[in-house]
Amino acid sequence: MLAAQPVETAQQRDARMKWWREARFGMFVHYGLYAIPAGQWDDKTWERGGMEWIQRRADVPADVYARRLLPQFKPKQGFADKWAKLAKEAGCKYVVFTDKHHEGFALHDSDVTNFDAKDVTGRDLCREMVEAVRRQGLRVGMYYSLWDWHHPDAYAGAGTNNPPCQTMEGREPARYLDFLNSQVEEIVTRYGRLDVLWFDYSSQEYQGQAWRANELMALARRHQPGIIINNRLYRSPEAGWFDDHHLEPFDSRYGDFCTPEQRIPPTGVPGVDWETCMTINTTWGYSKFDHAWKSVQVLIRNLVDIASKGGNYLLNVGPMADGTVPPEIVERMEVIGRWMAVNGESVYGTVAGPFAGLTWGRCTMKRAGDGTTLYLHVFDWPADGKLVVPGLRTKVDAARLLVNDVTLNVTESDSELVVHVPSDAPDVDDSVIALKIEGEPRISQRKTDLFRPVRRYGGCCHGKVYYQQESIVVFRCGVVERGRLRLGVLATGCGPAGRDNRAERRAHEVVARGPLRSFLSLGSVRRAGGDVQGRADRRDR
């Protein structure tokens, strides 16, 4: 599987990626025919999960799906302007919308099919959305599904995500690939500058040249030299997409950024551009049954967590059939926008913070001239009025609260820095302190920062924390070669003695989904020569 050869220097790539890296926050929009059934097909209903997959969930033949839904597709006038305005008010810097999802219905005016919005409504909805987003001064991206449940020659059957009623019998995939290529050419040539092209997605069986990936990427870059393309034309470690839990260095010939979905990686990786896409409830497309809304606090802290690791947050909106955004989403986006209006400088243009872990929150960082600003995002406000910043050994010039610009006093020692804060948190979701320091931050990590002891069935194990969730702790204990984990790999620790082994099993599942070949349960670990080493019994997956 060969990827297209790079045609730019590292400096040219950095220049092309600059706006995207600084944006940090974007809005995803899933809109199509699937918004009409909204989670119900005949007497079947679904309360959770992607309603944009309802054709597969209900196993509906393509002709039945089109015949029932096309007459009902009537987006109201001006819907796109409301989407764009909402994105702007929320503090998003770019919008990515679905031009064609797996159902195969295109929102752009296509010459190669009549299964598109123009033929159904008389309107080029793609153009309406592109122009609305640009009027708000935002960057614009298009999502395009590689799968197609409507086209008679698209891949189907084993290894695909198609409805079970579809098979490969009588299909000529070469004809579909010509169609796919033509539609991609339409969207990159007819709507002016396109900032992001978001392909979705490859399976192990169908990836890379199964989609004529080289041709697609070359086509897009020929017409849109500044375009940024995700890595979902491929599904391999070399392309940076093995699973959604871990980030690894990957060859940029396969795409410009990684796309963990519905998950925030435990850490960022220097040199790896990534973007977590996530829903506000559990579905991408609109559902009238899914009311599992994330709180504003969770959404804000997700944004900050991602930025603190050097990533972008692409937060999804699923409009109703007529294009109206559900009020629950509008309310949350507006509150995020108010928070961003005060604290946006701590997100936009920042890079990953320098700390291995902070018990009270997160840290983002911004360089300017000879100085650096550390933005301390405090989730858990200290009851004693003393915010401890462990290991910072760089001179602090000033500290202030962003919410009211109040100056804060700071005391320093060799092992830690203490910021003296008011008794009450200014913002229960995330209070931000701007810490201006001289030059680059110098962090002296204490042993307890690097090696966090965890009780395991009456004993202890130590290691560098790689993944942590509740009682599950996964430690990196392997050797890294060329940016890839090669040896012996992880240890796990779980709850106190006497507790059942559910946490250990969960940690084992985490390991099994990753790019690992074995599972190590460490009894003891020691640090020697800069590498984490240990002795353990091996359990093959």
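Colleague: How do you know that strand 12 and strand 17 pair?

Modeller: Two strands pair if DSSP finds at least two bridges between them. Strand 12 and strand 17 (residues 431–438) have 8 bridges, in the antiparallel sense, so they count as paired. One of these links is His377 with its bridge partner Val432 in strand 17. Bear in mind that this is a predicted model, where local features need pLDDT of at least 70 and side-chain atom pairs count only at pLDDT 80 or more. Residues are numbered from 1 along each chain, and side-chain values use heavy atoms, leaving out hydrogens and water.

Colleague: Which way do strand 11 and strand 12 run?

Modeller: Antiparallel, with 8 bridges joining strand 11 (residues 361–368) to strand 12. Gly361, for example, has Val378 as its bridge partner in strand 12. In the hairpin of these strands, with 2 residues between them, Gly369 takes a positive phi near 65°.

Colleague: Why is strand 12 called largely enclosed?

Modeller: Buried means under 20% relative accessible area, exposed over 50%, and partly exposed in between (1.4 Å probe, protein chains only). In strand 12 (residues 371–378), 8 of the 8 residues are buried, so the rest of the structure largely encloses it. Gly371, Thr373, Tyr375 and His377 are buried on one side, and Thr372, Leu374, Leu376 and Val378 on the other.

Colleague: What angle and axis distance describe helix 4 and helix 10?

Modeller: Helix 4 (residues 79–90) and helix 10 (residues 327–343) pack at about 40°, with axes 7 Å apart. Axes are lines fitted to C-alpha atoms over the stretch in contact, and angles run from 0 to 180 degrees between N-to-C directions.

Key: Helix = DSSP H or I, 4+ residues; strand = E, 2+ residues; numbered from the N terminus.
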